[in-house]
Structure formats: C-alpha cells, structure tokens
Amino acid sequence: MINIGIVGLGTVGTGTTRILLKNRKLLRERTGLDIRLRKIADLDVESDRGIRLTRDLLTEKAEDVIDDPDIDILVELIGGTGVARKIVLNAIKRRKHVVTANKALLATHGIEIFNAATRYGVRIGYEASVAGGIPIIKVVREGLVANRILSIYGIINGTSNYILTKMSEENAEFGDVLQEAQRLGYAEADPTFDIEGVDSAHKLAILASLAYGRQFTVKDVYTEGISSLSPMDIGFARELGCKVKLLAIAKEQGSRVQLRVHPTMIPEDFLISKVDGVFNAVYVKGDAVGETLYYGRGAGDMPTGSAVVSDIVDIATSCEDGTASVRPVVPVLKRAISVMRMEDVLSMYYFRFSVLDKPGVLSKISGILGKYNISIASVIQKGRRHGKAVPLVMLTHHARERDVTRALKSINILPVISRKTIVMRLEGK
Ligand code: HSE
C-alpha cells in the first residue's frame, strides 16, 4: 500500500482526488498497486467541491501531511514559489517523494529542489508542470531518450492561445478578449504570467532542462508576451498565410541552445498552427525520430490531475520494486551547453512600419535595412492617404536579431515614421 498526502485542494487538487477515488480499482487492476489517499491539507476544508470526502481525511495544516510518517508521497498543488518551496523541501528532508504541478517553483528553484531530492534519495514527479494532461515530460525524458533533441516548439499556455484565437477569429482587441476570458474563468484575475509569456517560459525551462541535460531557469529564457499585439497584425499575418501563436522555442545549435518565448508567425499549413483555443501542443524534433507532435488539454482539473496521478503511479511502482531511491531524480548530464544570447539569434521578421504616405519612404527604409544586411522577402502597403500615416508591412529573409535592433533604432527616428515599428518573428518558411 502506498499512502498519498495532497497539499492544496484547488482545481488540480480536486481533479487529482477525484481520479484517485474514482479510478482506485482501475489503477489497482492495471498496476497491481494499492494507492490510498491518506490526507488532504487545505486552508479551506469546508467548501463543497463536488466530491465526497470524510472529515478525517481533511486538515488545515500542511504539517499534518509533511510530518505523517506513513505518507510516502506528498503531492504539492498549492502553486507559487514561497510556501510551496518550504513544503517541498521539508517533505524531501522527511524522505518523502514529491509530486508537483508547480512549474514556477521548478523553473525558479529547480536546482535546489533536485539537489535536495538527490541528497535524500527521493523522487520528484512533475509531469503536470508542463502542458497539463499531455505526457510531454515522459516523452522528452523517456520516449525520445535515444535522440538528440534538435528543436522544441510549444504552445504551452492555454490562456494566451485562447486570447490569440479569439483575436484572430473575431478581429477583436486584446483587452476586450482578455476581459471576456476572465469573465468565463479561462484567465486568472491576475493574468500577468499567462499573457506576458512567463508561464510559458517556466515550462520551457523545464522541458529544455530535460532535453539538453542542464538545469535551466526561467532567467535563461528570453520572454515577450502577447499584450501589445493588435488584431491588425494578426490580420496581416493571415494575409501572409500565417497564424500568430505565443510559441516557446528551444533549438540546439552546436554547443548553444536558443531559449525563447514570444509571439511568433507560423505558416498556416504547419500542424501546430491548427492548435486553437485553450489547447496546448508541443512539437519535438529528434535526430533519430524526426518530427513528432503532442496535443491535448494543458490545464483543468481532470487533465492536470491525470498527469499528477501518472507520476504517483510511477513513483509508487518504483517504491514497490525498490528502485525509488536509486533512480536519478532528473537525467542530469551536466552538459557544457550555453544559452545563445538573443542578439545572436537568426530569425525571419515581420515589420509593420507606420509611415507617411509619400514618395521615397520605401527606399529610405530599405536602404537602412540593406545597410544592416537585412534582406526583404515581401512588402505590402495598404491604402492611400497622401501625406498621412499608412501601414507598410515587410517580411524579411533570415536576419540577425542584433542587426534588426540596430536597423529599427535608425528607422524609428526617421521623420517619415509616425509611430514605433511593430516587430514579430517568423518561424519555419
Ligand atoms: N495558466 C496555464 C494556462 C495553465 O493558461 O495554460 C496552467 O499551467
């Protein structure tokens, strides 16, 4: 019998509890394990969550889980990097295995937590921390272990994907769609981490650590969010045969890896560009397997609970066969791989200049781009407003970020430019 203690009975805690109770028999038949829910800690032990729980299962104190010597696995589902960090470290010190869905914690304090787990001989399961119900951690850690991972492209934040999908379908402004998403309960009251790319950056740091054998943190990831995108740019992207997605990108280039999260134009005929609404998808390219794609729900009580329970079963299995304390916590290779500076990254670019509609403007702009070795792939100018501002859209061939930054600095101060140029990176054509 394996005893489980859950700390945090919110959305994911409730989903996990429901699965453990509902599928206990199925799990036993499938794995031979008897997984028993022994204690659940939450500050609110009164609210009705639609599951039948006996009062003695519930406690208001996390210590009742941490200090219970019979609990084998502590499941941390409170989130955040403060209290959660203490709970996880204390559980590890009491030689409990830990399962967590907490990407912020692992992407910020992963090194400390994994080192502690190694020292005390316990395991950390974190399948639920990236892309909810999609078993992407197992894919990268186990399924594709034979491969050098050449690249990862992830749509790994459902909130921002929902907002971008709505902006595209309804030609709506970012602020209006965000408000609607909050009303419908898709976006948090404070959606900053979701819309500013931070949540995706947390998840990318975790995936890249597994893929490239070095513990990356959120600080290693270049991050831009979607809050300054306008429906006009999404519309131009569509005219150019592209969708706009908040993409988390990891790409190996020799001894360096690019780690970046930003709004990205991707061709409409790419499978990943069909991933709309709250859904997540992760594309992984390995040197042996080639291209692979994983799709599913990245959030929610039952999908995320599904991932939590898979970790519980995994760890419970290794407890039963006696390998729990000898299996490595993470496949640490400690590879000499460094993060490529953003200014060294090569990408294709979309520019939307706001220019005065008069002769000679295009040649001024293209002259500066040429000076910085930026080659133009196509140009769109819409409308005619003699002497007034009109949008001028350009796509470039591959250019270096450093050159783009310098060129735009020169262009943005031209008298014919009426507002700061909008820039998006484009992948994959
Ligand atoms: N807030 C995340 C999202 C879900 O919107 O995808 C939890 O990781």
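Modeller: A residue counts as near a molecule if one of its heavy atoms lies within 4 Å of that molecule. This is a predicted model, in which local features need pLDDT of at least 70 and side-chain atom pairs count only at pLDDT 80 or more, whereas totals for chains, interfaces and linings use all residues. Residues are numbered from 1 along each chain as its sequence is written, and side-chain values use heavy atoms, with hydrogens and water left out.

Colleague: Which residues surround the ligand?

Modeller: The shell divides into one nonpolar, three polar and four charged residues, with Ala among those counted as nonpolar, Asp and Lys among the charged, and Gly among the polar. The ligand is surrounded by K103, N157, G158, T159, D194, D199, K203 and A299.

Colleague: How far is a nitrogen atom of the ligand from an N or O atom in the side chain of D194?

Modeller: A polar contact is a pair of N or O atoms within 3.5 Å. Oxygen atoms of the ligand lie 2.6 Å from such an atom in the side chain of K103 and 2.8 Å from one in that of K203. For the ligand nitrogen and the D194 side chain, the distance is 2.9 Å.

Colleague: Which helices each supply at least two residues of the shell around the ligand?

Modeller: Helices are DSSP runs (H or I, at least four residues), numbered from the N terminus. The two suppliers are α7 (158-170) and α10 (198-212).

How values were computed. A polar contact is a pair of N or O atoms within 3.5 Å; within protein, one must be able to donate a hydrogen and the other to accept it, and residues adjacent in sequence count only if both atoms are side-chain atoms.
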